[in-house]
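Q: Got a model open here and want a quick walk through it. Can we start with the overall layout?

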Number of protein chains: 2
Amino acid sequence: MAKLTSDLIRGHTDTMVLKLLQERDMYGYELVKEIYKRSNKEYELKEVTLYASLRRLVSEQCVEAYWGDETRGGRRKYYSITKVGLDLYDEKRSDWDYSKKILDKLL
Amino acid sequence: MAKLTSDLIRGHTDTMVLKLLQERDMYGYELVKEIYKRSNKEYELKEVTLYASLRRLVSEQCVEAYWGDETRGGRRKYYSITKVGLDLYDEKRSDWDYSKKILDKLL
DNA sequence: CAAGGTATTATATCTGATATAGTACTTTTT
DNA sequence: AAAAAGTACTATATCAGATATAATACCTTG
């Protein structure tokens, strides 16, 4: 049975996050659940990995964070993609299409 | 312009090596050159990375090494895939097909 | 009020890839 | 024949992303 190990996902976390934030602002836990859902429950992004990715993206000005004013479900920090982040997403998405072609030749 | 960064290859080096050794025994430098050629000169596997991969595969009994008797081009160490290595290749190859599908949904 | 769900952060460790450097032998060029 | 370029492999230190583990804290449901 084929598996989806973290080795095969490594390096794609930021791209997955940017893709979702391109659609709408989301908070951390929501991103984790959405990724699980969209992968048809095949991939569970670890929370620590997600938050590490978000901190990285914020430090690179690809994403901005702001606190929401919810009173239910705990206080949520929302993440919003920036212009820099949109550009980075396009680039990473092209890189993926490209690397898929090369890897299909090599594997 | 799309790029093939090491981040996107990471985790696939062992698989590329196993694929080539499945076809025939090869020595290190030959593997580097063959991968460059088959990628249409798009991917240059670093020698240090290759030799690290080979050491890993040998320690896992996926590959066996033996010295050739060449007198030209330096003394060559040949690598040969084992039954364990053949099984690992099949597994990793399935994992790649599978992860491609999932990643296409998520990226 | 306990259990479970939601939400985020800190710290240490692991692994694969890389930079850098070194050794050593062979072939080609001048 | 010496220099340059190519072939072949190894050692050491460092880096980045992912993970384990754990801690904190608030809210909802039974």
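A: Chain A runs α-α-β-α-α-β-β-α along the sequence. Helices (H or I, at least four residues) and strands (E, at least two) are DSSP runs, numbered from the N terminus.

Q: What should I know about the source and the numbering?
A: This is a predicted model: local features need pLDDT of at least 70, side-chain atom pairs count only at pLDDT 80 or more, and totals for chains, interfaces and linings use all residues. Residues are numbered from 1 along each chain as its sequence is written, chains are lettered from A and ligands numbered from 1 in the order in which they are written, and side-chain values use heavy atoms, with hydrogens and water left out.

Q: How many helices and strands in chain A?
A: Chain A has 5 helices and 3 strands. Its C-alpha trace spans about 50 × 35 × 20 Å along the principal axes.

Q: And what share of chain A is buried?
A: 45% of its 107 residues. Buried means under 20% relative accessible area, exposed over 50%, partly exposed in between (1.4 Å probe, protein chains only).

Q: Switching to α4(A). What end-to-end span should it have, and what does it have?
A: Helix α4 covers residues 47-59, so its 13 residues should span 18 Å at 1.5 Å a residue. The expected span is 1.5 Å times one less than the number of residues. The end C-alpha atoms are 18 Å apart, which agrees.

Q: Which of its residues are buried?
A: Leu50(A), Ser53(A), Leu54(A) and Leu57(A). Down the axis of α4(A), the buried residues fall within an arc of 100°, so they line one face. The arc is that of the directions from the helix axis to the C-beta atoms.

Q: Why would that spacing give one face?
A: An α-helix has 3.6 residues a turn, so residues three or four places apart point the same way.

Q: What covers the buried residues, and what is on the other side?
A: The cover includes α2 (13-23), α3, β2 (63-67), β3 (77-81) and α5 (83-106) of chain A. On the other side of α4(A), Val48(A), Arg55(A) and Ser59(A) are exposed. Just after the helix, Gln61(A) takes a positive phi of about 60°.

Q: Last one: the largest pocket. Which residues lie nearest its centre?
A: Asp7(A), Arg10(A), Gly11(A), Asp7(B) and Arg10(B), out of 31 lining residues. By class, the lining has 8 nonpolar, 9 polar and 14 charged residues.

Methods: Contact means heavy atoms within 4.5 Å. On a 1 Å grid over the protein atoms alone, a cavity is a set of points where a 1.4 Å probe fits but cannot get out, and a pocket is an open set with protein on both sides within 12 Å along at least five of seven lines; lining residues have an atom within 4 Å of a point. Ala, Val, Leu, Ile, Met, Phe, Trp, Tyr, Cys and Pro count as nonpolar, Asp, Glu, Lys and Arg as charged, and the others, Gly among them, as polar.
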